[in-house]
Amino acid sequence: MSTVHDPGLHAVARVRGVRETDSRIGLRTAWNETRAAQSRVDDLRGQLEQASAFSTGSAASFLALRQSLQVLGDVLIAAEDARDASQLISDTAYARWQVDRTRLAAVENLLERRSAARSAEVARKEAAELDDIAAQRWLRREVNR
């Protein structure tokens, strides 16, 4: 597809293409961050679930275990909050990519329709010219009879 026709529209398509690519890269990055945040939450949750239950020992060791589990729980809550924020960013990035992809598709569709219309016009003119040539040949043949 040459840019001889509709150079402005081709420039718009290039800009839309760059924006779509940028938003797709941003979406991929957001998804990776969300997966990493979810992995962190899963790891912390596993650590909390596997923490040994206190069976015997001094009060000081019980308090130390309780305090370490409390800290681990607080870290888990912070990691879940970070994961939720990351998920929100991913959802926003997905919506942005959808908008950019739709805009790019609209411009590309318009370029294709305009190209098809030009091709149809060329074909119509060619058919009219061929009809004219055929009519001239028929007239010559009739005159020469």
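Colleague: Which are the buried residues of H1?

Modeller: The buried residues of H1 are Leu9, His10, Ala13, Gly17, Glu20, Ser23, Leu27, Ala30, Thr34, Ala37, Val41 and Leu44, where buried means under 20% relative accessible area, exposed means over 50% and partly exposed lies in between, using a 1.4 Å probe on protein chains only. This is a predicted model, in which local features need pLDDT of at least 70 and side-chain atom pairs count only at pLDDT 80 or more, while totals for chains, interfaces and linings use all residues. Residues are numbered from 1 along each chain as its sequence is written, and side-chain values use heavy atoms, with hydrogens and water left out.

Colleague: OK, and what covers the buried residues of H1?

Modeller: The cover over those residues includes H2; helices here are DSSP runs of H or I with at least four residues, numbered from the N terminus.

Colleague: How far does H1 reach from its first C-alpha to its last?

Modeller: H1 has 43 residues and spans 63 Å between its first and last C-alpha, which is close to the 63 Å expected at 1.5 Å a residue, the expected span being 1.5 Å times one less than the number of residues.

Colleague: Let's zoom in on threonine 34: buried or exposed?

Modeller: Threonine 34, which sits in helix H1 (residues 7-49), counts as buried because its relative accessibility is 10%. Leaving aside neighbours within four places in sequence, threonine 34 is in contact (heavy atoms within 4.5 Å) with Ser86, Gln87 and Ser90.

Colleague: And serine 90, what is that in contact with?

Modeller: Serine 90 belongs to helix H2 and, again leaving aside neighbours within four places in sequence, is in contact with Leu27, Ala30, Trp31 and Thr34. Serine 90 has a relative accessible area of 1%, so it is buried, and a polar atom of its side chain lies 3.0 Å from the backbone oxygen of alanine 30.

Colleague: Switching to charges, how many salt bridges are in the whole structure?

Modeller: A search of the whole structure finds seven, a salt bridge being a side-chain nitrogen of Lys or Arg within 4 Å of a carboxyl oxygen of Asp or Glu. As background, side chains of opposite charge can pair when their charged atoms come close.

Colleague: Which residue does glutamate 80 form a salt bridge with?

Modeller: Glutamate 80 pairs with arginine 45, and their closest N and O atoms are 2.2 Å apart. This pair links distant parts of the chain, with glutamate 80 in helix H2 (residues 59-143) and arginine 45 in helix H1, 35 residues apart. Glutamate 80 is buried because its relative accessible area is 19%, whereas arginine 45 counts as partly exposed at 31% relative accessibility.

Colleague: Where do glutamate 20 and arginine 24 sit?

Modeller: Both are in helix H1, four residues apart, so about one helical turn separates them, and they form a salt bridge whose closest N and O atoms are 3.0 Å apart. Glutamate 20 counts as buried at 9% relative accessibility, while arginine 24 counts as partly exposed at 31%.

Colleague: What about aspartate 100 and arginine 96?

Modeller: Their side chains meet in a salt bridge with an N to O distance of 2.9 Å, and being four residues apart in helix H2, they are separated by about one helical turn. Aspartate 100 counts as buried at 7% relative accessibility, and arginine 96 is partly exposed, with a relative accessible area of 40%.

Colleague: Last one: which residues are linked in a network of salt bridges?

Modeller: That network links Asp6, Arg114 and Arg118.

Note on methods: Helices (H or I, at least four residues) and strands (E, at least two) are DSSP runs, numbered from the N terminus. A polar contact is a pair of N or O atoms within 3.5 Å; within protein, one must be able to donate a hydrogen and the other to accept it, and residues adjacent in sequence count only if both atoms are side-chain atoms.
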